[in-house]
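Trainee: Could you go through this structure with me, please? I would like to begin with the overall picture and then turn to a few details.

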Amino acid sequence: MKALGRRPQGARLERLKASPRWTGESFRNQHPILPGLRDPNTPLPTFRDFLCKSDRRVPPAPLPSVDPLARWARPPGSGLRVTWLGHSTALIEIDGLRVLTDPVWGLRASPLRALPPLDLVLISHDHYDHLDYPTIRQLRRRKMPFVTSLGVGAHLESWGVASERIIELDWWESYTLPQAELTITATPSQHFSGRTPKTRNSTLWSSLVIRSPRHTVFFSGDTGLTTEYETIRKRCGPFDLVMLEVGAFHPAWGDMHLGPENALKALALLGGSAFLPIHWGTFALGMHAWDQPAEALLQLAPGAGTQLVMPRLGQPVEPSDAQPVEPWWRAAGEGRRRRGLGSVVGGTLPKTLPWPMD
């Protein structure tokens, strides 16, 4: 039950109620949904669809990975390096500082023990695939600040993170790391929040800009396509690296997730840059094949003139020196088909779900 988190209360609740994005009962997206993002003729998947139709929704074998420890022991020559660690988790090394985004490892503590010292942890919003109770319980033992969206600090504090190490931001608010030239700015995204149906949109969701004197990185968190990205470019760009979500897309909720095609449109609105796709290949949160986002980008990126940065899991890469993409994920092979999730679930399944779930 502790993983459900806690609702904002007291001064934290009063602060979020003062946000322009607060409607009186919950947060809401500010930008009108662009035409065509959501297909009204596409039915929502049922719970049984989600559990039972699992053909190719998960990799048939573990994805290829690289041990980053030796590279992490040496500073990046360009001053900017990123290591994708799965889903939306990445270690960003920026001008001598280390920033970890949306860390999710569940009960597997070994990646946490292997991490180098961290200067900052960023959490875009409170969905389970971005805010993970066991991971936070491990990270709380370290002394770095946690920067997140309004209201999310209630979860962190209830899980043992000291209140003085929690910084909550509304859109366009910034935090500068003490005694360091590193600034985090919360910027708009088009999504939603909540860890239970009753807490939907009770905390804010954000994209985040990470800026040092020499480099600027954009991290999308979860989002649908919005022209607010053009405003982000004007106010915070240009970017040396853009990290955009590309998985868990479905036509029925196309306004809440990007998918590959809309990610390239979002990248253009942000002014272009080296592009690291995130939020794919880890969790079966959509109905598409697990590798569909990667394969689609491999086909679409050349026509868009996009510099794709798609390293293996754990492979540190400097965006200024990124090599042409090789489809390394295909090495997972066809493998033995995993048993459908529905085969291990008994009883009667509900027909509907509050889609999307992330």
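This is a predicted model: local features need pLDDT of at least 70, side-chain atom pairs count only at pLDDT 80 or more; totals for chains, interfaces and linings use all residues.

Trainee: How many helices and strands does the chain have?

Mentor: The secondary structure comes to nine helices and 13 strands.

Trainee: And what share of the residues is buried?

Mentor: Of the 358 residues in the chain, 56% count as buried. The accessible surface of the chain is about 15800 Å², and 52% of that belongs to carbon and sulfur atoms.

Trainee: What about contacts between residues at least 6 apart in sequence?

Mentor: Among those contacts, 68% join residues at least 24 apart.

Trainee: Let us move to the sheet. In what order do the six strands come?

Mentor: The order is S1-S2-S3-S4-S5-S6, in an open sheet with mixed pairing. Strands S1 (80-84) and S6 (166-169) each have a single partner strand and stand at the edges, so one side of each is left without a neighbour in the sheet. From one strand to the next, the twist averages 20 degrees.

Trainee: How does S1 run relative to S2, parallel or antiparallel?

Mentor: S1 and strand S2 (residues 90-94) run antiparallel and are joined by five bridges. Thr83 stands opposite Leu91 in S2, and Trp84 has Ala90 as its bridge partner.

Trainee: What lies between S1 and S2?

Mentor: The two strands form a hairpin with five residues between them. In the turn, Gly86 has a positive phi of about 110 degrees.

Trainee: S1 is at an edge. Are its residues buried or exposed?

Mentor: Five of the five residues of S1 are buried. Leu80, Val82 and Trp84 are on one side, Arg81 and Thr83 are on the other, and both faces are covered.

Trainee: Which other strand is largely enclosed by the rest of the structure?

Mentor: Strand S11 (residues 241-245) is one: five of its five residues are buried, so S11 is largely enclosed by the rest of the structure. Leu241, Met243 and Glu245 point one way, while Val242 and Leu244 point the other way.

Trainee: In which sense do S10 and S11 pair?

Mentor: Strand S10 (residues 216-219) pairs with S11 in the parallel sense, over three bridges.

Trainee: Now the helices, please. At what angle do H8 and H9 pack?

Mentor: Helix H8 (residues 259-269) packs against helix H9 (residues 292-304) at an angle of about 40 degrees, with the axes 8 Å apart. That makes H8 oblique to H9. The crossing of H8 past H9 is right-handed.

Trainee: Which residues meet there?

Mentor: From H8, Pro260, Glu261 and Leu264 take part. They meet Gln292, Pro293, Ala296, Leu297, Leu300, Ala301 and Ala304 in H9.

Trainee: One last topic: where does Asp126 lie?

Mentor: Asp126 lies in the loop between strand S4 (120-123) and helix H5 (133-139).

Trainee: Why does Asp126 count as buried?

Mentor: Asp126 counts as buried because its relative accessibility is 1%, and the cut-off for buried is under 20%.

Trainee: What does Asp126 touch, leaving aside residues up to four places away in sequence?

Mentor: Asp126 touches Leu131, Val152, His155, Ser193, Gly194, Arg195 and Thr203. As for Phe192, its C-alpha atom is 9.2 Å from that of Asp126, although the two residues are 66 residues apart along the chain.

Notes
Residues are numbered from 1 along each chain as its sequence is written. Side-chain values use heavy atoms; hydrogens and water are left out. Two strands pair if DSSP finds at least two bridges between them. Helices (H or I, at least four residues) and strands (E, at least two) are DSSP runs, numbered from the N terminus. Axes are lines fitted to C-alpha atoms, for helices over the stretch in contact, and angles run from 0 to 180 degrees between N-to-C directions. Buried means under 20% relative accessible area, exposed over 50%, partly exposed in between (1.4 Å probe, protein chains only). Contact means heavy atoms within 4.5 Å. Accessible areas come from the Shrake-Rupley method with a 1.4 Å probe; for residues, only the protein chains shown count as cover. Angles under 35 degrees count as roughly parallel, over 145 as roughly antiparallel, 65 to 115 as roughly perpendicular and the rest as oblique. A crossing is left-handed if the near helix is turned anticlockwise from the far one by less than a right angle, and right-handed if clockwise.
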